Amino acid sequence: MSAERRQRQAAGAQRMPADSVTWALRRVGGHTLDSIERLGFAARFSVAVLMHLPGAFRRLQLTLREIYFSGVLSLVIILVSGLFVGMVLALQGYEVLTRYGANESLGILVALSLVRELGPVVAGLLFASRAGSAVTAEIGLMKTTEQLSAMEMMAVDPLARVVAPRFVGGVVSMPLLAALFSTLGVFGAYLVGVKLIGIDSGAFWGNMRAAVDFGHDILNGFIKSVVFGIAVSAIAVFEGYNARPTAEGVSTATTRTVVASSLSILALDFVLTVFMFRGVGVSA
Amino acid sequence: MSVVEPAAVLPTCPTEIAVRMTGVWFGYDRRRPVLRGIDMAIPRGKLVAIMGGSGCGKTTILRLIGGQLRQQSGTITVAGQDVMALDREALFALRRRIGMLFQFGALFTDMSVFENIAFPMREHTELQEELIRDLVLMKLNAVGLRGAAQLRPAELSGGMSRRVALARAIALDPMLVMYDEPFAGLDPISLGIVGQLVRKLNDALGITSVVVTHDIYESLKIVDYIYFVAEGRIVAQGTPDEVRQSKDSFVRQFVDGEPDGPVPFHYPARAVTEEFA
């Protein structure tokens, strides 16, 4: 290494603290501006998608196709997961309830857990991983291969033709998948609790029917699943449409969909639970 | 029943100059303009090539003509209409009269070849299904791929994809067709086929064609006029014969494929002596 080069590096090292602060400030400023710009774009995008929603119903064939891709093709993972979650819940619940001599309340525990929380939340997380990521990747690849540009040049709005049907497909599919998840979960708990452990079948179903309220439990669970469906679908179509048109860009967008959707579901679940079930435990 | 003359149904451009660009400046980033005052006039019915090195802004010109990008200054008129002044509805109406072939076809991968070509017809017309079928097969026949109607885009070779995309671009009988690198990545036979199709369709349908390409040899065979773009400006222009005989250093470098010249071999960098000191 030449003496001159060493001197230059030494001079550079001496400037490091000030340069580092400037560099860090620039980075923070840059990220902040990017985030604001992205937020603004997301808001405009959301409004544009909402404006095109009626079009999704006019293109019913396309929307049904998206319900098939998002909903029907997610059935296997949703049904199998629901069954196993219900079975595990029954085993764990039975073990705890037996300590208090309340093992016949297993049906209540499982049903309330599934209908209020696990059904919408776990189905939402699975939906984000399976269908949300697929929607993002599909739209992102359409952008990368200029299919969206081609559509625009054919005077066809991609928001109406591509985005809106996928958004509606996701919003419609999600509550149905959550309902199926809960149903299979209850069935799994029945298999373990009644058929395997030997809890009385009448007590299992009777207690469940008496404790689960349609308006308070099932409807609130349904509302949660609709909200999660809207969140996951909106994130999925936005990330796909906003993906950089490269292989790396599509990969990043897909990852962002899964991460942002999962975090949104968990955060929204907390907020919704506070509003829906805020009376629970307060008096105690 | 009256017989309609073919010329009456062909949607030819109503103005003598199909596309005119005047003093067009554009940059994706305002500090680094891609186009620096482009002036260009593309007459109706002509096949015009826009040539230049990779990244010189050729495709950007097509996107500006199609209204997908908006210039920072200058005007662009297509068939007499100022593209930037059009609202969304009017822009979409104009685009229905423009066909575009993208670099790698941009075929919809979830549809068959037939459905790809039927797509614009289904979106913009109320034609009966039997009529759409006949029209699609006629378009495919024009590009020699009637037998490939039921194939999926993934089953097509690069040349076939380009021809299907060409059939889709002319699906609505446009007045103007824009081709973005139609010859890129094709074998010599496919390249010749696509080149001839571009020329023949231009003449047979009475349309105006703009071809963005860097394939000088194929272009010289088929086009009427060539614009050379470098560093965001038109640096040379002329008919194929004028280009062949040109002494302009840029044109010579481009035609002869010289690695160094007005377009430098090295990307701008510090001096070598300084870099490796």
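I count two residues as in contact if their C-beta atoms, placed from the backbone, lie within 7 Å. I work on a predicted model, in which local features need pLDDT of at least 70, side-chain atom pairs count only at pLDDT 80 or more, and totals for chains, interfaces and linings use all residues. Residues are numbered from 1 along each chain as its sequence is written, while chains are lettered from A and ligands numbered from 1 in the order in which they are written.

**Entry 1. Chain A overall**

I began with contacts in chain A between residues at least 6 apart in sequence; 87% of them join residues at least 24 apart. For secondary structure I took DSSP runs, numbered from the N terminus: helices are H or I of at least four residues, strands are E of at least two. Chain A has 9 helices and 0 strands, and its elements read α-α-α-α-α-α-α-α-α from the N terminus on.

I then looked up the radius of gyration, taken over C-alpha atoms, with a globule rule of 2.2 Å times the number of residues to the power 0.38. Chain A comes to 25 Å, whereas a compact globule of 284 residues would have a value near 19 Å. The C-alpha trace of chain A spans about 85 × 55 × 35 Å along its principal axes.

For burial I counted other C-beta atoms, placed from the backbone, within 10 Å of a residue's own: 20 or more is buried, 12 or fewer is exposed, and in between is partly exposed. In chain A, 42% of the 284 residues count as buried.

**Entry 2. Helices α8 and α9 of chain A**

I fitted axes as lines to C-alpha atoms, for helices over the stretch in contact, with angles from 0 to 180 degrees between N-to-C directions. Helix α8 (residues 214-241) of chain A and helix α9 (residues 247-276) of chain A pack at about 155°, and their axes are 9 Å apart. I class angles under 35 degrees as roughly parallel, over 145 as roughly antiparallel, 65 to 115 as roughly perpendicular and the rest as oblique. α8(A) and α9(A) are therefore roughly antiparallel to each other.

I call a crossing left-handed if the near helix is turned anticlockwise from the far one by less than a right angle, and right-handed if clockwise. The crossing of α8(A) and α9(A) is right-handed. Residues making the contact include A:Phe228, A:Val232 and A:Ile235 of α8(A), and A:Ala260, A:Ile265 and A:Leu268 of α9(A).

For classes, I count Ala, Val, Leu, Ile, Met, Phe, Trp, Tyr, Cys and Pro as nonpolar, Asp, Glu, Lys and Arg as charged, and the others, Gly among them, as polar. The contact of α8(A) with α9(A) has 12 nonpolar, 5 polar and 4 charged residues.

**Entry 3. Positive phi in chain A**

I noted A:Glu146, which is not a glycine but has a positive phi near 65°. A:Glu146 lies in the loop between α4 (106-144) and α5 (147-153) of chain A, and is buried, with 20 other C-beta atoms within 10 Å.

I also noted A:Ala155, again not a glycine, with a positive phi of about 65°. A:Ala155 sits in the loop between α5 and α6 (158-197) of chain A and counts as buried, with 20 C-beta neighbours inside 10 Å.

**Entry 4. Chain B overall**

I find 11 helices and 10 strands in chain B. The radius of gyration of chain B is 20 Å, close to the 19 Å from the globule rule for 277 residues, so chain B is as compact as a globular protein of that length. The C-alpha trace of chain B spans about 80 × 40 × 35 Å along its principal axes. Buried residues make up 39% of the 277 residues. Among contacts in chain B between residues at least 6 apart in sequence, 66% join residues at least 24 apart.

**Entry 5. Where chain B touches chain A**

I find 15 residues of chain B in contact with 13 residues of chain A. On the chain B side, α3 (88-95), β6 (98-101) and α4 (113-124) give two or more residues each. The largest share, 3 residues, comes from α4(B). The chain B side divides into 9 nonpolar, 3 polar and 3 charged residues.

I find α4(B) and α5(B) packed at about 125°, with axes 9 Å apart, which makes α4(B) oblique to α5(B). Their crossing is right-handed. Residues of this contact include B:Phe114 and B:Met121 of α4(B), and B:Leu135 and B:Leu140 of α5(B). By class, the contact has 8 nonpolar, no polar and 2 charged residues.

B:Gln150 is exposed, with 10 other C-beta atoms within 10 Å. Not counting residues up to four places away in sequence, B:Gln150 touches B:Ser112 and B:Phe114.
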